[in-house]
Amino acid sequence: MKVKNAPSPTYAFGYKNPPRSGNEINGLGETVKRRARHVFHSAGLDVLEWQALDDFFSFINLWGVFRHVLGNVWQLRRENGPVNPIHAEVHDPTQMTETIKAEAIKCGAGIVGITRIPDDAVYEGYTIDYEYAIVIGLPMKREEMEHVPHPRAAVEVMRAYKEISHVAIELAEHIRQMGWRAKAYGNPNSLEILHIPLAVSAGLGQLGKHGSMISKEYGSNFRLAAVLTDLPMTTDSPVDIGVEDLCASCMRCVKNCPPDAIFNEKQMVRGEEKWYVDFDKCVPYFTKTYGCGICIEVCPWSEPDNGHWLSETLLNRRNQSF
Ligand code: SF4
Ligand code: SF4
């Protein structure tokens, strides 16, 4: 996909007293493992260090985006609720896993995976007292997302968030009716959890150079949500679909990012070498363009129906070179 008329990285919003670098808050260069901290986008009550830009982002949003945000906030009042006192015993967690995955697809999910909740998926200062996360992904309409970084794509992003939140809410309600605790975590502003590490752990895909997750099914053209629960299930494992092989030589996201925010090499972040996007360069541009999204749409994995073929080709090539 080619990007049309991307605005240049000049900004209407400027800080009189710039906040602490988002990269510093994110732990860029730190060699010791620790959990992530909120910088931008949080459903919590705390004022974030980049709160002013976050507020500006909310104020400039278009009505088409805003109505999906309102709809999402309204429906998320049902993210949790009473649990049926009649508890359905689970004698076969494998069978239950199949049932729940089928239910997630029936509710509207495109992809689904199950994981225990890894440490790196929980923000610093929070604890999670659920055993499992059911992670779901939902594709965005490519014909709308081809308009990144313009407002039409922003409307589609928020529509997808609203729809996937709805799927998570329905699934959580279904589990509570079975007599097990379950809470839906819609996006983008989940307070306690980080959706990408959860999804990677649940085997939905791998982290790409552009800092987003890549799945075989939709590339990065999708959104995530989760249901946290104690319902006994079997878990999935992280997958290798060949993302590392392509990111090692591809530079499409790097070259197309207007503010040059994507590092071409992995960085040390909170004790782990990984792909990383420069927060201080990306987020002002992201705000100016109502959510940007160029990097996830120019990625070859996001081309419709490309992922399975790409994965097979990359893994075959790797095997042949040994
Ligand atoms: S979302 Fe951020 S990293 Fe991606 S292209 Fe836009 S500015 Fe660059
Ligand atoms: S555009 Fe290329 S380098 Fe960037 S994430 Fe996709 S495959 Fe990796």
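**Notes on the model**

1. The shell around ligand 1 holds 11 nonpolar residues, two polar ones and no charged residue. Please keep in mind that this is a predicted model.

2. Which residues come closest to ligand 1? Of the 13 residues that surround the ligand, the closest are Cys-257, Cys-282, Cys-292, Ile-294 and Cys-295. Two elements give two or more residues to this shell, namely helix H10 (279-288) and helix H11 (294-298). The greatest share comes from H10, which gives three residues.

3. Now to the second site. The residues surrounding ligand 2 are Gly-208, Lys-209, His-210, Leu-246, Cys-247, Cys-250, Arg-252, Cys-253, Cys-299, Pro-300 and Trp-301. Helix H8 (243-247) supplies at least two of the shell residues, and so does helix H9 (252-256).

4. Val-3 is worth a look while you have the model open. This residue sits in the segment before helix H1 (22-26). Is Val-3 buried or partly exposed? Val-3 has 18 C-beta neighbours inside 10 Å; since a residue is buried at 20 or more and exposed at 12 or fewer, Val-3 therefore counts as partly exposed.

5. What does Val-3 touch beyond its neighbours within four places in sequence? Its contacts there are Val-148, Asn-256, Ile-294 and Val-298.

6. Stepping back to the fold, the protein chain contains 12 helices and eight strands. Taking contacts between residues at least 6 apart in sequence, 77% of them join residues at least 24 apart. Buried residues account for 42% of the 322 residues.

7. Finally, the overall dimensions. The C-alpha trace spans about 60 × 55 × 40 Å along its principal axes. A compact globule of 322 residues would have a radius of gyration near 20 Å, and the protein chain, at 19 Å, agrees with that.

Definitions and conventions. Residues are numbered from 1 along each chain as its sequence is written. Chains are lettered from A and ligands numbered from 1 in the order in which they are written. This is a predicted model: local features need pLDDT of at least 70, side-chain atom pairs count only at pLDDT 80 or more; totals for chains, interfaces and linings use all residues. A residue is near a molecule or strand if its C-beta atom, placed from the backbone, lies within 6 Å of it. Helices (H or I, at least four residues) and strands (E, at least two) are DSSP runs, numbered from the N terminus. Ala, Val, Leu, Ile, Met, Phe, Trp, Tyr, Cys and Pro count as nonpolar, Asp, Glu, Lys and Arg as charged, and the others, Gly among them, as polar. The radius of gyration is taken over C-alpha atoms; the globule rule is 2.2 Å times the number of residues to the power 0.38. Two residues are in contact if their C-beta atoms, placed from the backbone, lie within 7 Å.
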